[in-house]
Structures are given as C-alpha cells and as structure tokens.
Amino acid sequence: MGREKDAAAALAAAAGMAGRYLEGIGERRVAPDAAALAGLVALDTPLPDRGMPATEVLALLDRAASPATMASAGPRYFGFVIGGAVPASLGAAVLSAAWDQNAGLAAMSPAAAAIEEIAARWILDLLGFPTDSGVGFTTGATMANLTALAAARHSELAAAGWDVNERGLFGAPEITVFVGEEVHASLLKALALLGLGRSRVRHLPVDGQGRIRATGLPRIEGPTILCLQAGNVNTGASDPFLPLTEWGREGEAWIHVDGAFGLWALAARGYARRLAGIEYADSWATDAHKWLNVPYDSGFAIVRDRASLHAAMNSTAAYLAAGEGRDGLAYAPEMSRRARGIEVWAAIREMGREGVADLVARCCSLAVRFAEGLAAAGCEVLNDVVLNQVLVAFGDDERTRRVIAAVQRDGTAWCGGTVWQGRAAMRISVSSWATTEEDVDLSLAAILKAALSAN
Ligand SMILES: Cc1ncc(COP(=O)(O)O)c(C=O)c1O
C-alpha cells in the first residue's frame with residue numbers, strides 16, 4: 001500500500017501545483033525574466049547520493065522551474081505555431097500517465113489500442129479523409145511527414161519492382177521528389193532521414209504567399225513523390241491543390257501534404273473550401289499539439305493506402321505476433337511508445353466537431369483582429385491573413401528586429417521573428433483555445449508601445 005499511497009500523494013501534489021500554475025498563467029509575464037531563469041540553479045546540484053521524498057522533489061521542481069517556463073500554455077503566447085492544451089486533453093495526459101500504457105501492441109494495452117482506433121476514426125471523419133486510411137500516431141509533424149513519406153518511398157519503389165525494406169536504397173531506381181520553394185525545414189529533414197536527400201529535391205517556384213505556382217509544371221517521369229503544403233509556417237497560405245493534385249495524378253506521383261497546422265482548416269466549414277483538391281492526395285501529415293490543442297508531443301500521419309503504411313512500418317519478431325486489436329507499431333516508427341492518441345480522443349470528445357470548428361475559426365478571426373489593429377496603426381502586414389498567421393514589419397529590418405526584441409522583453413505577449421522572402425518580420429500565430437479578443441487587444445497595445453519605443 002505504501003508505494004501506491006506515495007504515487008497518489010505525488011499526483012495530488014502535482015495536480016495542486018499544476019492547477020495553481022495554470023490559474024495564474026494569464027497574469028504573469030509570458031517569457032520568464034532573468035531572475036526566474038536564474039532560479040533554475042536550485043535544480044543543478046551534483047548527482048545526489050541520497051534520494052528525496054517524491055512530494056519534496058515536486059515542490060522543488062515547482063518552486064524553481066514553474067516561474068522559468070515560457071507561458072506557452074497561456075493566452076498570449078503567439079510564437080512559432082504553438083497551441084495550448086484543452087482541459088480534457090491535459091487531464092487525459094495526467095490520467096494516462098498514471099496508466100502508463102504501452103501503445104505498441106493491442107496485447108500490451110487493449111484500452112490504448114481501442115481508444116486510438118476510435119481517435120483515428122474521428123480524425124478521418126473530422127478532416128474528411130477516406131475512412132479506411134491508415135492513421136499513425138507520432139510525436140509531431142516531423143515524424144508524421146517521415147512516416148507518410150516512408151510509405152510513399154515504399155510504394156513508389158515497389159511499383160518499380162524494388163523492395164526498399166529488404167534492399168535499401170543502394171542501386172534502387174531514382175525517386176524524383178518535388179517540393180515548393182517554401183517547403184518546411186522539417187519535411188526536408190524527413191526526406192534526408194529517408195535517404196532521399198535534402199538538396200537533390202526539385203524545388204517548384206512559389207508566389208508571394210509561399211504557394212506553389214501551378215503553371216509551367218515539368219513532366220513527371222518515373223517514381224515520383226510530390227510534396228505539397230497546407231499552411232505555410234509564415235503566411236498560413238496553402239498550395240492550390242486542385243491543379244497540383246491533377247498534375248501529380250496524371251504523372252502517377254505519390255502526393256503528400258504537409259499540413260502541420262493548416263490541415264485543421266478542413267475541420268472548419270468556411271476554411272475547408274480553400275483546400276479543395278487536398279482530398280486527392282495519397283498521404284497527409286499533421287500535428288495535434290498545434291491546432292487540436294493537446295499537450296506535447298502529438299501528431300499523426302494519414303495514409304490512404306493502409307497497406308503501404310503497414311509495409312513501410314512493418315517489424316516482425318516471434319514475440320510480436322499480431323493480435324486482435326490495433327497494433328500501434330504497424331502504423332508508426334516506434335515500437336514502444338506512450339498512448340498519445342488518448343489525449344487526441346479526449347480533446348475531440350470535449351470539443352466535438354463543432355468545438356474543433358469553432359477553435360479553428362476563432363483563432364483565424366483573432367489573427368484578422370491582430371492584422372487590422374496593426375494595419376490601422378500604420379504597421380505593414382506582409383501576408384494575406386487567410387488562416388491564423390500574421391506577418392508584420394515595422395519599417396526596415398533592423399527596426400523590425402528591435403520591435404520584436406522589445407515585445408519579448410516587455411512580457412505581455414510573446415511573438416517571434418522570421419525572414420519572409422528577404423524581409424525581417426514579426427510572426428504572430430494564434431493557435432490556442434485560451435486566447436480571447438481581450439488578449440489580442442492587450443497584446444496589440446504592448447506591440448504598438450514596443451514599436452514606439454523602437455523609434
Ligand atoms: C508546415 C510545417 N510542417 C512541419 C512542422 C514540424 O512540426 P513538429 O515541430 O510538430 O515536428 C511545422 C512546425 O511548425 C510546420 O509548420
């Protein structure tokens with residue numbers, strides 16, 4: 001009993017601290033100040049010889065590290081593309097951590113297998129993809145891209161009479177890979193990990209929003225993977241899927257879409273129609289930790305031809321005999337892993353179809369509020385605000401960088417920097433269920449004050 005009691009006490013203590021942390025998150029600085037960061041030193045002792053009671057360990061962690069965290073779970077964090085975590089998904093993460101299930105095989109956790117199967121079905125329904133597609137739960141979009149592209153590589157080479165699982169890429173038929181010039185760095189990383197190379201890919205020209213131009217497209221010959229994008233990480237713009245998928249299908253290419261956050265536009269009626277044609281792709285990658293607002297780390301690969309996904313992810317050993325339920329290891333690279341699909345299930349169960357649509361639409365209209373407020377104050381919005389991303393410049397590059405640094409120092413909100421087609425810009429990503437109009441107005445005021453101070 002003693003040990004179970006210790007675990008229960010540790011969980012109760014952690015829940016108390018976590019609850020207090022979240023209750024205060026809207027009032028504190030978004031970025032920790034220097035004093036808070038300096039407090040981390042309390043954790044940095046020589047390797048302890050003796051242990052410490054679990055509740056004391058947690059109290060130490062809370063005291064030293066909570067103030068040093070970036071308040072990205074709060075309402076005024078607009079950096080990168082970072083979503084919050086809706087309450088049920090956060091609670092499910094805690095509960096499923098207590099369960100400590102291994103989602104590799106149904107035999108290891110029938111509950112995790114069943115819940116992930118349901119979550120997979122709901123995702124396909126929410127996003128409107130074929131109901132018999134394979135869905136692999138991954139750590140994020142990088143691994144989702146890798147997973148889907150492994151299926152693509154397998155399928156394209158199998159069609160050319162080459163079994164890449166058995167023979168590798170040495171001596172294999174060449175695969176042509178097309179990407180847009182504004183491809184996300186993580187997709188190139190996935191291609192590199194798969195032996196397809198970062199720089200041997202063929203870049204297709206893009207327009208001022210980062211969308212591939214659907215004109216003057218080259219002829220497709222031989223095994224080919226065409227990588228498209230839903231939601232450019234800077235502008236939020238998506239490729240014109242109708243003409244590009246038509247081109248890809250005519251050339252019998254495998255068409256993959258990186259939709260780390262942009263894919264969620266499919267869940268919101270008004271935005272889904274802008275992605276028309278995306279349904280003709282063969283695979284799609286997205287994150288749940290971005291716009292579905294589940295805790296890190298969570299993404300998924302969706303592959304129309306489930307057999308190609310299984311062939312690419314296949315691993316066999318006598319003790320890994322396929323069971324009755326869903327064996328997670330047949331859908332994703334890992335064998336043992338936590339059952340991250342449980343949080344996906346919880347988030348969707350909490351919000352329902354309508355709640356997910358509202359989340360997406362609300363973030364998009366808050367992004368427009370940001371853009372309008374900035375433009376009205378004379379700042380230059382560099383992108384068409386079609387989704388949840390806003391790019392803004394405050395004069396020349398150097399001044400823009402000064403404004404970004406001042407916003408980050410001020411602590412009311414947090415926005416990052418980028419370079420968009422040669423110009424420095426501040427990037428605002430509205431991706432959290434927690435953000436309200438009031439948060440946008442407070443943040444706008446802080447940004448405009450920072451802009452004045454940067455004169
Ligand atoms: C378009 C796109 N693809 C891939 C990724 C990588 O996602 P993750 O960091 O979850 O691996 C991102 C992250 O911002 C992204 O915006």
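This is a predicted model: local features need pLDDT of at least 70, side-chain atom pairs count only at pLDDT 80 or more; totals for chains, interfaces and linings use all residues.
1. Let me start with G373, which is partly exposed, with 19 other C-beta atoms within 10 Å. Here a residue is buried if 20 or more other C-beta atoms lie within 10 Å of its own, exposed if 12 or fewer, and partly exposed in between, the C-beta atoms being placed from the backbone. G373 sits in helix α12, residues 341-376.

2. Residues are numbered from 1 along each chain as its sequence is written.

3. Do have a look at the peptide bond from Y296 to D297, which is cis, with omega near -5°. D297 belongs to the loop between β6 (283-287) and β7 (299-303). Helices (H or I, at least four residues) and strands (E, at least two) are DSSP runs, numbered from the N terminus.

4. E252 is not a glycine, yet its phi is positive, near 55°. You will find E252 in the loop between α9 (241-250) and β5 (254-258). E252 counts as partly exposed because 13 other C-beta atoms lie within 10 Å.

5. Q421 is also worth a glance: its phi is positive, about 45°, although Q421 is not a glycine. The loop between β10 (416-420) and β11 (423-429) holds Q421. With 16 C-beta neighbours inside 10 Å, Q421 is partly exposed.
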